[in-house]
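Here's a quick briefing to read with the model open beside you.

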Amino acid sequence: MNQPRVSIIMGSQSDWSTMQAATRVLEQLGVSFETRVVSAHRTPERLYEFASTAHEKGVQVIIAGAGGAAHLAGMAAAMTHLPVIAVPVASKHFQGMDSLMSMVQMPRGVAVACQAVGEAGAFNAGLMAVQMLALADQELSTRLQNWRASQTDGVPNEVE
């Protein structure tokens, strides 16, 4: 795959079952991506190195998924000028509500675009990344518009 335009980071390997959904629309629309485990709490130096240099490696959008305290997206956003899309991963004790609350309660000046909890949120994060990239990429914009049209065409008018 080409140099990644989107980087999908997650707090732990266990988040992959949710975050994998973000890759589907990226693959369908031909957007290059990478995946990494970068924990805000267990690998802070790795997070700092990643977030402060991602733009130098051609990354244009970061998708960050985490559960529990879910500081990954906010910490990444604090260390980069790139857009960060947050995906709350369902947690063991609170079904992702703790993750969601952590991600949407960002201090003024540190913005993240927060999606829904779980796989739907991860898929939509991939879609939002495509939409962001399509603003400056006419070929991708055309592919996105065709993808949307086929999605619409797939909805029947009548119940069978």
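Is Asp98 buried, exposed or partly exposed? Asp98 comes out as partly exposed, with a relative accessible area of 24%; buried means under 20%, exposed over 50%, and partly exposed in between, using a 1.4 Å probe and protein chains only. This is a predicted model, so local features need pLDDT of at least 70 and side-chain atom pairs count only at pLDDT 80 or more, while totals for chains, interfaces and linings use all residues. Residues are numbered from 1 along each chain as its sequence is written, and side-chain values use heavy atoms, with hydrogens and water left out.

**The sheet**

- Five strands make an open, parallel sheet in the order β2-β1-β3-β4-β5. Strands here are DSSP runs of E with at least two residues, helices are runs of H or I with at least four, and both are numbered from the N terminus; two strands pair if DSSP finds at least two bridges between them.
- The edges are β2 (33-37) and β5 (113-114), each of which pairs on one side only.
- Strands of a sheet pair through backbone hydrogen bonds, either parallel or antiparallel.
- β3 (residues 61-66) is joined to β4 (residues 84-88) by five bridges, and the two run parallel. In this pairing, Ile62 sits opposite Val84 of β4.
- β1 also pairs with β3 in the parallel sense, over five bridges. Val6 stands opposite Val61 in β3.
- How many of the six residues of β3 are buried? Six of six are, so the strand counts as mostly covered.
- In a regular strand the side chains alternate between the two faces of the sheet. Both faces of β3 are covered, with Val61, Ile63 and Gly65 buried on one side and Ile62, Ala64 and Ala66 buried on the other.

**Helices on the sheet**

- Helix α2 (residues 44-53) lies across β1 (6-10), β2 and β3, and runs at about 160 degrees to β2. Such axes are lines fitted to C-alpha atoms, for helices over the stretch in contact, and angles run from 0 to 180 degrees between N-to-C directions.
- Helix α4 (residues 97-104) packs on the sheet too, touching β3, β4 and β5, with its direction at about 155 degrees to that of β4. Contact means heavy atoms within 4.5 Å.
- Thr18 belongs to helix α1 (residues 16-28) and is buried, at a relative accessible area of 12%. Leaving out residues up to four places away in sequence, Thr18 touches Val89, Gly118, Glu119 and Ala122.

**Around α4**

- Asp98 lies in helix α4 and touches Gly68 and Ser91, not counting residues up to four places away in sequence.
- Phe94, Met97, Met101 and Val104 form a nonpolar surface patch with about 390 Å² of accessible area together. Patch members have over 30% relative accessible area and no salt bridge; like charges are joined within 9 Å, and nonpolar side chains (Val, Leu, Ile, Met, Phe, Trp, Tyr) within 5 Å. Accessible areas come from the Shrake-Rupley method with a 1.4 Å probe, and for residues only the protein chains shown count as cover.

**Positive phi**

- Most residues other than glycine have a negative phi.
- Ala70, in the loop between β3 and α3 (72-78), has a positive phi of about 55 degrees and is buried at 5% relative accessibility.
- Gln95, in the loop between β4 and α4, has a phi near 55 degrees, but Gln95 is exposed at 55%.

**Salt bridges**

- The count is three salt bridges, each a side-chain nitrogen of Lys or Arg within 4 Å of a carboxyl oxygen of Asp or Glu.
- Arg5 and Asp137 meet at 2.9 Å, N to O. Arg5 lies in the segment before β1 and Asp137 in the loop between α5 (119-134) and α6 (138-153), so the pair ties together parts 132 residues apart in sequence.
- Glu34 and Arg36 meet at 3.2 Å; Glu34 is buried at 19%, whereas Arg36 is partly exposed at 30%.
- Lys57 and Glu49 meet at 3.4 Å, with Lys57 partly exposed at 37% and Glu49 partly exposed at 38%.
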